[in-house]
Amino acid sequence: MSMLVPENINFAKEEENILKLWKDLDAFNTSLKQSKDKPRYTFYDGPPFATGLPHYGHILAGTIKDTVTRFAHQSGFHVDRRFGWDCHGLPVEYEIDKALGIKGPADVAAMGIEAYNNECRKIVMRYSGDWQSIVTRLGRWIDFENDYKTLYPWFMESVWWVFQQLYQKGLVYKGFKVMSFSTGLNTTLSNFEAGLNYKDVKDPAVTISFPLEKEPNVSLVAWTTTPFTLPSNLALCVNPEKTYVKVQENSTKKTYILMEARLEALFKKPADYEILEKFLGETLKGLRYIPLFNYFTKREDGLQSFTICTDKYVTEEAGTGVVHQAPYFGEDDYRVCLAHDVIAKDSAIVCPVDSSGRFTQDVSDFAGQYIKDADKAIIKHLKEQGRMVNVSQINHSYPYCYRSDTPLIYKAVPSWFVRVESIAQQLIDNNQTTYWVPDFVRDKRFGNWLRDARDWPISRSRYWGTPIPLWISDDGEEMVCVGSIEELAKLSGVKVEDLHRETVDKLTIPSSRPGGAPLKRIPEVFDCWFESGSMPYAQVHYPFENQETFERNFPADFIAEGIDQTRGWFYTLLVLSTALFNKPPSKNYIVNGLVLANDGQKMSKSKKNFPDPLEVVNKYGADALRLYLINSPVVRAENLRFKEEGVRDILKDVFLPWYNAYRFFCQQKNLFEKENGEKFTFSEQKQLMPENIMDKWILSFTQTLLQFVRDEMKAYRLYTVVPRLIKFVDLLTNWYVRSNRKRLRGDGGRVDCRNALETLFSVIFSMIRMLAPFVPFLTELMYQNLKNVVEKDSNDSQDRGSVHYLMFPEPRTDLMDLNIERAVSRMQTVVDLGRQARERRTLPIKSPLMEIVVIHRDQAFLDDIMAMESYIVEELNVRTLTTTLDKERYGVSVRAEPDHKVLGAKLKNSYKAVMDAVKKLTSAQLQGYQDRGFLDVCDTRLEGTDLKLIYTFDNKSSGDTAQTDYEPSSDNEVLILLNTTQNKELLDEGLAREIINVVQKLRKKAGLVPTDDIRVYYDVAVKDSELSEVVRKYAGYVENSIKKPFLPYPLPAELSVLAGESQSLKGASECVLHISIVEGPTYVSRFKSLLLTE
């Protein structure tokens, strides 16, 4: 069967053809059917919101997940891959609030929860079609039809079951906590959400006086950037171990107390004040001061309000060293005031700010004002009261709501909590049983977060979410936790099919107390992080369905998300799995970093600082984008600055060379079949170790790579795999194919050609199966053409319609030969050094040279080089290869280059003496250092990399070779000398190679392939010229190289000219060479003939 492969390829267009093929084959579902009886590999996919389009972060995580799960399938596992959707919570509600102009709870109440939730339901899957289209276009195989959505009643029912389990274990309680609060969304945010949107802003910075109750003329001074919290002030705090001073301000004669280290915060220079007294902060503990406002002066008995507390959290870094305490507006404030009896856990909350961020009637002077707007009024009031010492502004980083873009505040709010602190050690222990890539995330970032784990507030005073299934009596004495739809029906007498608020809020549960009023559901819904953390159970409706399957496959084998999820999804998964089963949710984790814009900033649609992902895919293809992402630092949890040219370079440096090697095989396979009348087929079972050393090398290297990739993928280290794969493409195209072109074209005869083709096919076929998880489209494209070469086993009934149905190739140890791999690696070093030497002398490879000399101290190294002699002389276009241990014969010596940085730190005072001695070391002494690995100098042992040995070459003192013009090149292990002296014979051969180059370029320009029947005619303008002589002399050499007749003019009249060119050649500028390519007798036209060019 013909294997025509076009010279040019549009990778993106070919990918679209592959998508059609997969659709026709129903490839993904077919692969799942093929593996249904195999062992299970469990993978959890974190649910995204469908209220926005996927960005590069989603694409990156999706690529990692797809690569790992494809590899798992190829490794003999059945891998269910279900897409999930996060449908509840703030992202959806915010869109509705914005669209309908909803400002707060009153607007929702007026509208009605049912109407509000119906609006949410309408938009929840707004972009689901786009998501499916984009994810599919990127080559990811995942099940959208059998998806899960957090709004499905069966999903919500499992969430209820999870909560009931926690409730029954005593892990649920109601309390209040100072939390990040969005006044724009009227709800609390998790710590994770609060850190998503910091902005550099200007805020007022005020310094206020607090006169002591017993010494009204002496005032403590405190500094704050949140004046709106001052009406709620209940205490002050100082550091007990720091020095404080009582000072008199010289200009006003007022007396203040502040931390000595912070005098600069109040005074510009020492002349502005006089220190009256110094003392430790502990001295101030318990002193009382005159309140700023009278709103909260009447409080419960036993509470020590308006007093001075002590705590070490007060620092010397900012402010005055005196911190104002509003315990219901700050976590530290709350902790300190609780410890000093300023407040109690059951005392009335002093938090006069409503959910919209406006002051309540408790603060009568500012009631109804938005807190940030009230700052000016509060400052004015305090000035009038004589309590304002200083007013300024500060530029600082402040958290904003990531949805509404309004400033966050810290505010005490009632909430339902999961007791995390009581199971914190279990979280840590379970985390230690898991495997993370990179490993530092487990112990550092995630581990540190677990060590400081706090009780988790899981309730939100919102509407569109899974209702918390608690029914409570009016007096709070009776409470029922419901764990299923069936249980709710038994308790309420009503069977429901939906579990959202508009349905279940109407239901009551009879009281168990005689005459008691019915129990009503609490108004809160779950934080959507509780839902996503319940995903392992809820996606399979556990425990109501699939109980055995779930329990057999839990924990999961693998999950992957961004590093930001260490405080999000990874955390909630671990809390719930530990609380439920005392197990981690997954055995293996891959954590990726963030994809940033090219300028290092966060990608922003408004700033337009990144290219549209689909435009990149349509330009370069999804494979290139996939490989670019997983070959970057981002798969090691580092950040990536996205550069479009990086995607382009994958195309240019990896895919095109690989494609050209594949195309070259197809061409030569067709040529082999045409010239030998023999069909070329391949069988791995029949493949034997070849005789040719380069065949042995590439096969051995392939098996070694297969073993490496399999081991590293099992260890989830994608970042080590891709660089090796890219290197392999380079070795295949630039070393194996390049150095074996003549064999593959048949110069060595039919048997040798077939062996070379078999080797090349074996490698390419192994390669596409190995790379299929990483590059699903291009491997499929190649496979569809190559699969027909593989001999079919009559006993094998497997559907082989797609490369993704095939298993990962088993490494064949019988083909591995590390000695040959070492020899070829050494050959490559010598060839690279030879090329460098040519470049320095501007001698192109087409110019033949007489000799290359390889000098090394190890005879085994030189033996390896001689074993590769034919390849070295071919690659470097030299006549002879000489190897020697005798460097002196060629005027080569060795000198030492010390590692000054390392030795300076190591030797210290003896450094100079040792360096002087190193300069005087003889070549023999350095040879000993090289042989033994150490050398004693001035009673100091130098070893390892302390000294770097460098070859030096003196052409003038090179003994009997002194008249030869050598160009040296060295990597400090081996030295090569390239004889650059050229005679007429070498120059003529170089000219002949130039003629070959002209012919081959013209063939390519004409779109001809090796199997085309053509003849090449030549003519030299000046008949008795040097060029004419060279052409006649080397005509047979040229004909053998181009493998077509090379004939002198005139052109035969009966045959059409396909292409022609006239050119002056380098080294023969006095005349012009005319080349014409004409049809052979059996030529079949497949291309339009090119006009004869002058």
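Helix H10 is followed by Asp 341, whose phi is positive, near 60 degrees. The model is predicted, so local features need pLDDT of at least 70 and side-chain atom pairs pLDDT 80 or more, while totals for chains, interfaces and linings use all residues. Residues are numbered from 1 along each chain as its sequence is written, and side-chain values use heavy atoms, without hydrogens and water.

**Exercise 1.** Determine which residues of H10 are buried and what they pack against.

*Solution.* Step 1: helices (H or I, at least four residues) and strands (E, at least two) are DSSP runs, numbered from the N terminus. Step 2: buried means under 20% relative accessible area (1.4 Å probe, protein chains only); in H10 (331–339) this holds for Asp 333, Tyr 334, Val 336 and Cys 337. Step 3: with contact as heavy atoms within 4.5 Å, these residues pack against strands E3 (172–182), E7 (235–238), E11 (307–310) and E12 (322–325).

**Exercise 2.** Describe the sheet that contains E7.

*Solution.* Step 1: strands pair if DSSP finds at least two bridges between them; the order of this open, mixed sheet is E11-E7-E12. Step 2: E11 and E12 are the edge strands, each pairing on one side only. Step 3: E7 and E11 run parallel, joined by four bridges, and Leu 236 stands opposite Ile 308 in E11.

**Exercise 3.** Classify the lining of the largest cavity.

*Solution.* Step 1: count Ala, Val, Leu, Ile, Met, Phe, Trp, Tyr, Cys and Pro as nonpolar, Asp, Glu, Lys and Arg as charged, and the others, Gly among them, as polar. Step 2: the lining divides into five nonpolar, two polar and five charged residues.

Key
Buried < 20%, exposed > 50% of the residue type's maximum accessible area, 1.4 Å probe, protein only.
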